[in-house]
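Biologist: Hi! Could you walk me through this structure, one piece at a time?

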Amino acid sequence: VETTTPMYNALISTFARRGDIDGAEKWLKQMLETGTAADVASYSAVIHACAKSSDLQRAEGWVRKMDEVGIDPNVVTYNSVINACARCGESVRAESWFKQ
């Protein structure tokens, strides 16, 4: 069975829903290593895991990585980063992300 982007995204999302950043990152990295194209949903799921774990720095790092590889964040991505800001008490940063 050939692995596809939606298959990897489902797996990454499984870890993200649990707030397991390491697991979500592991599968995104494996996805990229196998040459399977990551998309906005792939990165957004990892960012969601970061938000669930209140790891704002890591969430913002993944948004920067998206930018580096030419993937534009969407409303789901921004919502997850703003959620991470809220969990960390960073209202000024949340407003900054909201304005983007």
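**Chatting through the helices**

Modeller: Happy to! In H1, the buried residues are Thr5, Tyr8, Asn9, Ile12, Phe15 and Ala16. Buried means under 20% relative accessible area, exposed means over 50%, and partly exposed is in between, using a 1.4 Å probe and protein chains only. Helices here are DSSP runs of H or I with at least four residues, numbered from the N terminus.

Biologist: Before we go on, what kind of model is this?

Modeller: This is a predicted model, where local features need pLDDT of at least 70 and side-chain atom pairs count only at pLDDT 80 or more, while totals for chains, interfaces and linings use all residues. Residues are numbered from 1 along each chain as its sequence is written, and side-chain values use heavy atoms, with hydrogens and water left out.

Biologist: What do the buried residues of H1 pack against?

Modeller: They pack against H3 and helix H2, which is residues 21-33. Contact means heavy atoms within 4.5 Å.

Biologist: How do H1 and H3 lie relative to each other?

Modeller: The axes of H1 (residues 5-17) and H3 (residues 40-52) come within 8 Å and cross at roughly 5 degrees. H1 and H3 are therefore roughly parallel to each other. The axes are lines fitted to C-alpha atoms, for helices over the stretch in contact, and angles run from 0 to 180 degrees between N-to-C directions. Angles under 35 degrees count as roughly parallel, over 145 as roughly antiparallel, 65 to 115 as roughly perpendicular and the rest as oblique.

Biologist: Which residues make that contact of H1 with H3?

Modeller: From H1, they include Asn9, Ile12 and Ala16, and from H3 they include Ala45, Val46 and Ala49. The residues of this contact divide into six nonpolar, five polar and two charged. For those classes, Ala, Val, Leu, Ile, Met, Phe, Trp, Tyr, Cys and Pro count as nonpolar, Asp, Glu, Lys and Arg as charged, and the others, Gly among them, as polar.

Biologist: What about H3 and H5, how do their axes cross?

Modeller: At roughly 10 degrees, and the axes of H3 and H5 (residues 75-87) come within 8 Å. H3 and H5 are therefore roughly parallel to each other. Among the residues in contact are Ser44, Ile47 and Ala51 of H3, along with Val76, Ser80 and Ala84 of H5. By class, the contact of H3 with H5 has six nonpolar, five polar and two charged residues.

Biologist: Let's switch to H2. Which of its residues are buried?

Modeller: In H2, Ile21, Gly23, Ala24, Glu25, Trp27, Leu28 and Met31 are buried. What covers them includes H1, H3 and helix H4 (56-69).

Biologist: Now aspartate 22: buried or exposed?

Modeller: Aspartate 22 lies in H2 and is exposed, with a relative accessible area of 53%. Aspartate 22 and isoleucine 47 are 25 residues apart in sequence and 11 Å apart in space, C-alpha to C-alpha.

Biologist: One last topic, backbone angles. What is the phi of serine 54?

Modeller: Serine 54 has a positive phi of about 55 degrees although it is not a glycine. Serine 54 lies in the loop between H3 and H4 and counts as partly exposed at 33% relative accessibility. There is also glycine 19, which follows H1 and has a positive phi near 75 degrees.

Biologist: Great, thanks for the tour!

Notes. Helices (H or I, at least four residues) and strands (E, at least two) are DSSP runs, numbered from the N terminus.
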